[in-house]
Amino acid sequence: MSTRTSTVSAADFTVVVAAPEGDAEPALRSVARQSPPPAAVVLVTGGGPEPEKGEVRPVRAAPGAAGDACTAAARAARTPYVAFLQGRDEVLPGWLEHLARAAAEDAALIECGVLRLRESGLIDGIALPPDVPGGADVAYAVRRALLGESDGAVRGGGRYTRVTVPRLLVRRRTGEGAATGAAARAARADVLRALSPAARAAEADIEPPRPGRRPELVSVVLPVRDGALTLPAQLDALGRQTYQGPWEVVVVDNGSVDGTREVARAARAVLPALRIVDARDRAGESYARNRGIAEARGDLVAFCDADDVAAEGWLAALAAAAPDAALIGGSLDTALLSPAHADEQPLPMTAQTDFLPFARGANCAAWKEVLDAVGGWDEHYVGGGEDMDLSWRARLSHHRLGYAPDARMHYRLRGELSSLARQKWNYGRSGARLYDAYRHAGFRRRDGATVLMNWSWLLLHSPDLARSPALRRRWVRYGARLAGFLAGSVEQGVAYL
């Protein structure tokens, strides 16, 4: 944290409240009780009566446009800082004072904890950053000058910091937050990009798009090992793609001992351009993908996994985005294949805020020349992290990353706890490798207070292992990843806890 401090008060804050359904009384009432009060309050609402308090400025927005209206209101604010709330949030006494105190340390992003409540008023849980993946449920305030449409000279200053207030300062009803949550996460992403020297460097000199260039041939690379049970559904889904251009499927067999090859051969009835590549000599998904790239005949290479299911417009959406980007990520949707674990829905690329955005390996595409230029997939990563590494290498090499939300992949989460724990353990180990590789480019590790908070949470919630399957699964997810951080730190010789 910076040693310089400046004078910041409540008068330096605008509060943006999102209430697209019209119920904003809890948030407005609790903000009005803050002493001293904020400089301004903007209410984004879909209708209903005008607020009685004259200092509240209403902004009308359709429910589906409320998130964009919140973002626009934040950018238009006349104060240095903007805080985001939801209509039925209740901020606790001292909330604004804590934000102002944090902002005095040259803060660009301020995150504080949320106490989640059920409709009955019973406690549903807590969210202290970064315990919730992506910080989806924590509350934010941001420095307005660092938002996406702000003065570039301010964005390039690079002297601001990210501050966590380790307190539960907001009471929030479970299920709230679609509108202001999207706006707040977008603002958070803007600010973190502005803070990252790597992001500024990448944005300053980025490869121009390829206007009008369409792929001559798309190669879909599908690595698989012992996937006979799930592969048929994915190949059937690929056979129903709506893409009208020429394309092929390259199934890369990474040493299967079940009926994977027989399944792939049978799929030629609906995928006549399907080819099978033997990659049994070395285990590893990145190795299999690189073999697929080497064998691919297309100038655009798309990637998917054997245990997922592509939506019918998946390939068409990736190809449509290709003229404007070197590497394209699609969206992952767990609702079809893992409906019991909706809380583990992967964040879209536009909401990723850890370092630089990345395209997930389970759903992405890249021009083959770009993959060759950046060296393909790094085979040192085992069980995770390789997609972040590929995207970050491409971005830091000044290639443009794109996001195609309509390129939807139905994504399967790990069902068994042992498999889930192994996956999260590998993610943690890969995190340490990523930190070792990208710390000098701006990838930051968690500070000591956050590390202590993470491990304290794990200890305090250890009774969850015996309470319910859902709580047990959550504990295993966090515990295995933290253990992976420790193991990766030892392996890489870095402190990434």
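**View 1. The whole chain and its accessible surface.** The accessible surface of the chain comes to about 21300 Å², and 52% of this surface belongs to carbon and sulfur atoms (areas by the Shrake-Rupley method with a 1.4 Å probe). This is a predicted model, in which local features need pLDDT of at least 70 and side-chain atom pairs count only at pLDDT 80 or more, while totals for chains, interfaces and linings use all residues. Residues are numbered from 1 along each chain as its sequence is written, and side-chain values use heavy atoms, with hydrogens and water left out. Of the 497 residues of the chain, 54% count as buried (under 20% relative accessible area, with a 1.4 Å probe and protein chains only). The chain has 15 helices and 17 strands, taken as DSSP runs numbered from the N terminus (helices H or I, at least four residues; strands E, at least two).

View 2. N363 lies in strand β16, which covers residues 363-367, and has a relative accessible area of 0%, so it is buried. Leaving aside neighbours within four places in sequence, N363 is in contact with several residues, among them F303, W314, G330 and R408 (contact means heavy atoms within 4.5 Å).

**View 3. The packing of helices α14 and α15.** Helix α14 (residues 448-460) and helix α15 (residues 469-492) pack at an angle of about 135 degrees, with their axes 10 Å apart (axes are lines fitted to C-alpha atoms, for helices over the stretch in contact, and angles run from 0 to 180 degrees between N-to-C directions). The contact is made by residues including W455 and L458 of α14, and W475 and L482 of α15.

Methods. Buried < 20%, exposed > 50% of the residue type's maximum accessible area, 1.4 Å probe, protein only.
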